[in-house]
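Reader: I have just opened my first protein model and would like to go through it slowly with you. Could we begin with the strands?

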Amino acid sequence: MVLPRISFRSFIFFFMAAAAIIAAGVAFYWQQVSGILEQDVKTHVAAASEEAAADFNRLIQTDRQVLESISITVEDTYPWADPAKLTEFLRRQTRHNYFKLLGVVTEDGKVFLSEPRRFSPTFIADVTARTLEAGHYLSVLQADPSDGEDVLVQSVSLRRHGRPVGALFALQPPERYRPLLALSAMGNKGYSLVVERSGVPVLGYHKPDFGNMFDLLEGVSFDGKMTLPDLRSAVLNGAHFMVGYRDGGERRFLHFIPLEINDWYMISALPTLYVEHQAQHLTWLSLILFVSIFIIFCALIFYILHMRAYSNRQLFDTAFVDQLTGADNFNRMCEQFEEKLAGLNRRAALIIFDINKFKVINDLHGYERGNQVLQRVARVLRENIAPEECFCRSTADNFVLLLKYTDRRSFRARLSALTTQLRRDCTVEDSCLMIDVAFGVYEVAEDIPFYIMLDRAHLALENAKKMSFDKCQFYDESDRKRIVNEKRIENTMEQALDHGDFAVYLQPKCDFATGEMRGAEALVRWNRLEEGLVKPDDFIPIFEKNGFILRLDMFILEEVARLLAAWNIKGLEQVPVAVNFSRLHLNDSRYIPQMLRLVDKYGVAHNLIEVELTESVIFNNLERAQNVMRGLHRQGFSVAMDDFGSGYSSLNVLKSLQFDSIKLDKEFLSGFEDNPHAHKVIEGAVAMIKSLGVQVVAEGVETREQADFLRHTGCDLAQGYYFSRPLPAAEFERLLKKNTPQTQPPGGTKRVD
């Protein structure tokens, strides 16, 4: 069959019709794109300005919180009799934070500054008056009219025993906040501005050169039915809205967002010229694209047929090949895992390994060198993988292997040899940095899904990364049980506290000389219905990690206060009770106020509460511990160091802090009977502590030999099973009823139980 020829006139007509269709399509497309782009830009302006407002609010609040934290220390040192010391403290805090200057103004007008600076009298008076009136103050103004420099001033009041004694203020350059006001996501075509509701500018990306925002909008034409009075009213009412307007030949968007500070507003502006440029750009691109498609359409038919086979191969590589290393990717591993596992007769191990601190390689030598390392790792793995085995690069520096497995010993040897080759062949050139890998191994022993095997290998890898030397760890069922148990504890802890499943037990402290009970330590026990009493070691570390320990500690304190109040009503002897507190309390400014509220709620004398802090907690935050201890002593609480000698910092802590009592760690007594050196160490430690005038408490006393020895060394109080186990509150109360002084028997100490 012969195809009819197409005449030149028909050909021209075809192209003209096609051109007309393309032109009409481009025009229609331009209209649609313009509308879509305008709406899209509005959305982006709203999102960018919302983010800028949130960042601005957050930064202001963060600076205020830092300032309030500093004020706690300043209040603790009142009255400020030593100006040099206060000035040095302010200077140090200025260096450690983002403040340009810190200052303290007393109620009688005295000023202490972190560095010398001139201020106008009206500036100091205004900041002081506004701060003392409202408790805090924030503004942008001139500190000294002679230099004409604007500064952002933020201040908080200083109070002592509920009475205002001055103000702490900080100066910051507006440049700290101005980057938040640049709409960089909009191609730097827009900007944001902070104004008062009256329209007076406060802060901008550039220093505002006008007196009132509303004056600039006089005579402009707003979109819709919006008028300038409507705009003023909406701002005064705290509305959150966007409006478009035209000023001469230029059109803009304005987005109004009320801030959380001083009734300020953030206004974001973007010219619609940005939208028009984008629309024109897309229109021309679309026209070029349409014409190009029309011209090359016929050629593509032949090319598509020619490239069909190649495309299929490319699709396979995209789906199943890692583009960087050329190795299989994770999809390929998932696809062939069961087949490979069957080929190994299920005598296999699933391994996950990665390069420890691989980010250091990228940071020090660049991503290109880092990619070269990954490519070398893949090459080494190929050399060590048998045809029936497989591996893939899953993410970043993470590789998954399925290897033949016989026994742990030979498998460890294989992985050790692989580690040696990786270190030798994959080290970054011209660098002394040697790669270090960690392996997590799951021995395939169950018919379970691949993703479960992978999770178990991941658990083993997490353990391997924690090791200093043996970084090849096998999955242990106890790891899964531990994680499941931790999750179960976290899921039930809130309910357990609300339902009263936590109980306070009291372990007596006895006088070595007389055997009489002189105090007690409050210990927590968790009574779970299905398990009975849970050891504190099983849940306290978990609560430390998730922060629940803060609530639990305060629960124990309140229970102790309630018991002491009840004993007082019953006419029983009141003995001091020690309460342990977590390290997390040291960084909580509400710690001491919460203690006071709970103890005073029950009318308990403060000297009946002893705060126990462990040695490690104190050493890790020595300066904060000093401030907290001073605050506790001022309120009449006694402070004890728990677990003395368990770390390496004891002497430094003793030198820096004043304790009321010190508890020797129970490990001091472990095997001391057969160790003369232990005798000398204990005697020396007790003598040193006693020379400081501090009471010595020995915990973990379990035998008569230990009690006799400690009594002769001069220890004051004993705590341990030799004297009494921890008792429920009811049993301890019965013990209080019959607690009377008894004569110490010759050669030994009488137990209270």
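Reader: In what order do the five strands of the open sheet lie?

Author: Keeping in mind that this is a predicted model, the five strands of the open sheet follow the order β2-β1-β5-β4-β3, and their pairing is antiparallel.

Reader: And which ones are the edge strands?

Author: The edge strands are β2, residues 111-113, and β3, residues 136-142, each of which pairs on one side only. From one strand to the next, the twist averages 20°.

Reader: How many bridges are there between β1 and β2?

Author: Strand β1, which covers residues 101-106, pairs with β2 over three bridges in the antiparallel sense, and Val 104 has Phe 112 in β2 as its bridge partner.

Reader: Which helix packs on the sheet?

Author: That is helix α2, residues 83-96, which touches β1, β2 and β5 (163-172), and its direction makes about 145° with that of β1.

Reader: Changing topic, how many residues are in the largest nonpolar core?

Author: The largest nonpolar core has 85 residues, and those with the most contacts inside it are Phe 502, Phe 543, Leu 552, Met 595 and Phe 659. Helix α15, residues 549-569, gives the most to this core, with 12 residues.

Reader: What does Met 595 touch?

Author: Leaving aside residues up to four places away in sequence, Met 595 touches Met 554, Leu 557, Phe 581, Ile 609, Val 611, Leu 632 and Phe 637.

Reader: And which residues does the second core include?

Author: The second core is separate and has 29 residues, including Ile 351, Ile 385, Phe 399 and Cys 426.

How values were computed
Residues are numbered from 1 along each chain as its sequence is written. This is a predicted model: local features need pLDDT of at least 70, side-chain atom pairs count only at pLDDT 80 or more; totals for chains, interfaces and linings use all residues. Side-chain values use heavy atoms; hydrogens and water are left out. A nonpolar core is a set of buried Ala, Val, Leu, Ile, Met, Phe, Trp, Tyr and Cys residues joined through side-chain atoms within 4.5 Å. Buried means under 20% relative accessible area, exposed over 50%, partly exposed in between (1.4 Å probe, protein chains only). Helices (H or I, at least four residues) and strands (E, at least two) are DSSP runs, numbered from the N terminus. Contact means heavy atoms within 4.5 Å. Two strands pair if DSSP finds at least two bridges between them. Axes are lines fitted to C-alpha atoms, for helices over the stretch in contact, and angles run from 0 to 180 degrees between N-to-C directions.
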